[in-house]
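User: I'd like to talk through this structure with you, one topic at a time. Could you start with how some of the strands are arranged?

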Amino acid sequence: MNIIYACDETYIPILYVSIKTLIKNNADALINIYIVGDHVTAESKKLINSLCTSLNNIIWMPFMNIEEEIGSKVKLDRGSYAQFARIFIGRMLPKNIKKILYLDCDTMIKASIIQLWETDLKQYSFAACLDAFSPLYSKNLGLNKDADLINSGVLLINMDRWRSQDYERKAIKILRTRKGKIQQADQGLLDILCQNDLLILNPMFNCINGYFEFSYPEWLKYRRPNKNYRLVYTQSVIETASKTPIIIHFTSSFLGNRPWIDESQHPFKTEWLDELGSYKRFLRTSSKSIFLKNLFYFLPRSISIIIFGILQAYIRPIFSKLGDS
């Protein structure tokens with residue numbers, strides 16, 4: 001298997017857990033792990049390299065400056081510039097690689113990913129899980145209201161088609177046209193690229209925090225996703241995925257349920273910290289006690305779901321659009 005991550009120095013402990021659990025739960029697999037490092041220290045690289053077994057190979061690659069490539073500043077939604085490394089995988093990776101699995105650092109692998117890796121991508125460039133966004137997000141990206149919007153934290157890419165479809169050039173052209181301003185940054189860019197060229201994965205391969213924080217009816221009221229999301233990701237599909245996840249993705253939200261946040265209530269927080277083990281000293285824990293979170297828990301839950309649903313589905317994309325204009 002060929003896996004690629006992108007990481008800056010801040011996320012090294014988080015990357016450590018992801019790679020550790022990847023190797024542990026795929027102990028019999030030959031795995032090449034490529035890491036695009038953005039100002040990562042030698043000490044941090046040594047920590048990550050210590051995870052290697054005889055079946056693994058970790059290859060560090062230099063970060064490419066996205067702003068130099070497009071000739072303008074790039075608007076970040078969340079995370080760091082390292083996430084844009086996905087755009088340049090065609091030139092960074094060896095030409096003999098036919099398929100690559102991109103994983104965000106904030107993932108924890110709970111079981112073998114062989115089934116995911118062996119997904120048939122012959123007629124598609126991308127395989128990913130859908131994310132729940134309202135039609136306004138699609139509109140901001142210039143897509144139809146029922147477009148498939150993805151969570152790009154787990155992304156299987158057919159490198160032959162990536163190159164033949166010239167996706168790197170297309171991505172750079174979009175960024176230049178929009179002067180580096182695009183909703184949700186690199187994920188929004190991938191949303192545009194993957195239309196009509198996407199194989200939708202089961203959410204057990206990218207089980208995001210929202211699936212643990214909300215019941216399915218609450219999730220729909222909060223996120224107000226488009227029709228296609230509701231048809232593909234039914235209540236039984238989401239509930240089964242959250243009970244037996246293969247890849248847990250600790251996505252950010254106002255509730256602060258990432259394991260390295262002090263007040264996190266994520267059901268897999270203890271397990272994640274156990275995997276980090278003695279390397280907790282590298283972790284920069286933080287507090288997420290913010291106004292929105294406090295307000296959410298102060299109000300009756302049913303009222304909070306309605307209010308925060310309006311903020312998420314309507315107000316946020318409107319402000320995002322204004323920021324891009």
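Analyst: In this predicted model, three strands make up an open sheet with mixed pairing, in the order β5-β10-β9. The edge positions are taken by β5 (107–109) and β9 (207–208), each of which has a single partner strand, so one side of each is left without a neighbour in the sheet.

User: How many bridges join β5 to β10, and do they run parallel or antiparallel?

Analyst: Three bridges join β5 to β10 (residues 247–249), and the two strands run antiparallel. Within that pairing, Ile109 stands opposite Ile247 of β10.

User: And which way do β1 and β2 run?

Analyst: Strand β1 (residues 2–8) and β2 run parallel, and seven bridges join them; Asp8 has Asp38 in β2 as its bridge partner. Strand β2 (residues 31–38) is also mostly covered, since seven of its eight residues are buried.

User: Switching to helices, how many of the residues of α9 are buried?

Analyst: Nine of the nine residues of α9 are buried, so this helix is largely enclosed by the rest of the structure.

User: What is the phi of Gln184, and where does Gln184 sit?

Analyst: Gln184 has a positive phi of about 60° although it is not a glycine, and its place is the loop between α8 and α9 (185–193). Gln184 counts as buried because its relative accessible area is 9%, which falls under the 20% cut-off.

User: What about Asp166, where is that one and what is its phi?

Analyst: Asp166 is in the loop between α7 (159–164) and α8 (167–177), and its phi is near 55°, again a positive value in a residue other than glycine. With 32% relative accessibility, Asp166 counts as partly exposed.

User: Which residue does Asp166 form a salt bridge with?

Analyst: Asp166 forms a salt bridge with Arg169, and the closest N and O atoms of the pair are 2.6 Å apart. Arg169 is partly exposed as well, at a relative accessible area of 46%.

User: OK, what is the count of salt bridges, then?

Analyst: The count comes to 11 salt bridges. One of them brings together the side chains of Arg91 and Glu168, at 2.3 Å from N to O. That pair links distant parts of the chain, with Arg91 in helix α4 (residues 89–92) and Glu168 in helix α8, 77 residues apart.

User: Are Arg91 and Glu168 buried or partly exposed?

Analyst: Arg91 is partly exposed, with a relative accessible area of 38%, whereas Glu168 counts as buried at 14% relative accessibility.

User: Which parts does the salt bridge of Asp160 and Lys98 tie together?

Analyst: The side chains of Asp160 and Lys98 meet in a salt bridge at 3.7 Å, N to O. Asp160 lies in helix α7 and Lys98 in the loop between α4 and β4 (99–103), so the pair ties together parts that are 62 residues apart in sequence. Asp160 is partly exposed at 38% relative accessibility, and Lys98 is partly exposed with a relative accessible area of 49%.

User: Now the surface. Which helix gives the most to the nonpolar patch?

Analyst: Helix α16 gives the most to the nonpolar patch, with nine residues, and both α15 (291–298) and α16 (301–324) supply at least two residues each. The patch covers about 1000 Å², and its residues include Phe291, Leu292, Ile303, Ile306, Ile310, Tyr314 and Phe319. Ile306, which is found in α16, is partly exposed with a relative accessible area of 44%.

User: Last one, what is the radius of gyration of the protein chain?

Analyst: The protein chain has a radius of gyration of 19 Å, which agrees with the value near 20 Å that a compact globule of 325 residues would have. Its C-alpha trace spans about 55 × 45 × 35 Å along the principal axes, and buried residues make up 55% of the 325 residues. Among contacts between residues at least 6 apart in sequence, 78% join residues at least 24 apart.

Key. Residues numbered from 1 in each chain as written. Predicted model: local features only at pLDDT ≥ 70, side-chain atom pairs only at ≥ 80, totals over all residues. Heavy atoms only, no water. Patch = residues over 30% accessible without salt bridge, like charges linked within 9 Å, V, L, I, M, F, W, Y side chains within 5 Å. Areas by Shrake-Rupley, 256 points an atom, 1.4 Å probe, with all protein chains shown as cover. Salt bridge = Lys/Arg side-chain N within 4 Å of Asp/Glu carboxyl O. Helix = DSSP H or I, 4+ residues; strand = E, 2+ residues; numbered from the N terminus. Buried < 20%, exposed > 50% of the residue type's maximum accessible area, 1.4 Å probe, protein only. Rg over C-alpha atoms; globule rule 2.2 N^0.38 Å. Contact = heavy atoms within 4.5 Å. Pairing = 2+ DSSP bridges.
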